[in-house]
Amino acid sequence: MEVYLVRHTETTCEKGICYGQSDVGLKAPFLEQFESIKSQIPSDTVVFSSPLSRCTLLANYLAPLISTDSRLMEMNFGDWEMKNWDAIPEADFTPWMTDFVNVTVPNGESFVALHDRVTDFLSTLVTENISKKIVIVTHAGVIRSVLCAVSNLPLKDAFTNKVDFGAVIKIEL
C-alpha cells in the first residue's frame, strides 16, 4: 500500500511555543506551498487528515473529499499547550526530556501513547485494504511515529527522522 505522509506547513505560532493539539493557524502565504505539495502526490488518492485546521486546510486543498481522524492529531501537551518551552517548570520538563517516550506530560500524553493511537490508525488502514494510494496530512510527531513503526526504529530515536514543514514522505505499508 503506497502512502504519502504530509506534514502541514508552518504555523502562525512564535518560535519556542509548544502547540501540540492546540488549533493554530497557518503562516501566510501558504497556497504556493500547498501547490508544491500537491505536485508531489499522485492524483486519485484517498486523503486522511488530522482534524486540526492546520491539516484540514491543506487536506481540503489536495482533495475534494477527506476523512478526518483524531488518532492523527499531534501529541497532547496538556498543561504545556501554548506555553513557551522555556516557561515549563523544570520539575516537569526534565523527566520528560530524559524519557519523552514514556513520561506523560501533565494532563497530556506520552510519545508511546501517541504511537499507540497512530499504530491503531495504521492497523485500521491495512484491514480496510484500500486500493487507491493514500495521503495522510498530519503532524511531525505522528509522522515520526509512523516512520518508527515501518522501519522498526526505537521510539527513543524518533527525532533522527527530520520532518520539515510541508514535507512529503512516501512509504509502503
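This is a predicted model: local features need pLDDT of at least 70, side-chain atom pairs count only at pLDDT 80 or more; totals for chains, interfaces and linings use all residues.
The opening pair is helix 1, residues 31–39, and helix 2, residues 53–62, whose axes come within 10 Å and cross at roughly 55°. Helix 1 and helix 2 are therefore oblique to each other. Helix 1 passes helix 2 in a right-handed crossing. On the side of helix 1, the contact is made by L31, F34, E35, I37 and K38, and on the side of helix 2 by L57, L58, Y61 and L62. Sorted by class, this contact of helix 1 with helix 2 has 7 nonpolar and 2 charged residues, with no polar ones.

The crossing of helix 4 and helix 5 is right-handed. Helix 4 brings F111, L114, H115, V118, T119 and L122 to the contact, while helix 5 brings G141, V142, S145, V146 and A149. The contact of helix 4 with helix 5 divides into 7 nonpolar and 4 polar residues, and no charged residue takes part.

The largest pocket holds about 710 Å³ of space. Its lining is made up of 32 residues, and R7, Y19, E74, W85 and R144 are the closest to the centre. By class, the lining of the largest pocket has 17 nonpolar, 6 polar and 9 charged residues.

The second largest pocket has a volume of about 240 Å³. Around this pocket stand 15 lining residues, of which T45, V47, L62, A63 and P64 lie nearest the centre. One of these, L62, also belongs to the contact of helix 1 with helix 2. At least two lining residues each come from strand 3 (45–49) and strand 4 (66–68), and strand 3 gives the largest share, 3 residues. The lining of the second largest pocket divides into 9 nonpolar, 3 polar and 3 charged residues.

Notes. Residues are numbered from 1 along each chain as its sequence is written. Side-chain values use heavy atoms; hydrogens and water are left out. On a 1 Å grid over the protein atoms alone, a cavity is a set of points where a 1.4 Å probe fits but cannot get out, and a pocket is an open set with protein on both sides within 12 Å along at least five of seven lines; lining residues have an atom within 4 Å of a point. Grid points are joined across faces, edges and corners, and a volume is the space filled by probe spheres set on the points. Ala, Val, Leu, Ile, Met, Phe, Trp, Tyr, Cys and Pro count as nonpolar, Asp, Glu, Lys and Arg as charged, and the others, Gly among them, as polar. Helices (H or I, at least four residues) and strands (E, at least two) are DSSP runs, numbered from the N terminus. Axes are lines fitted to C-alpha atoms, for helices over the stretch in contact, and angles run from 0 to 180 degrees between N-to-C directions. Angles under 35 degrees count as roughly parallel, over 145 as roughly antiparallel, 65 to 115 as roughly perpendicular and the rest as oblique. A crossing is left-handed if the near helix is turned anticlockwise from the far one by less than a right angle, and right-handed if clockwise. Contact means heavy atoms within 4.5 Å.
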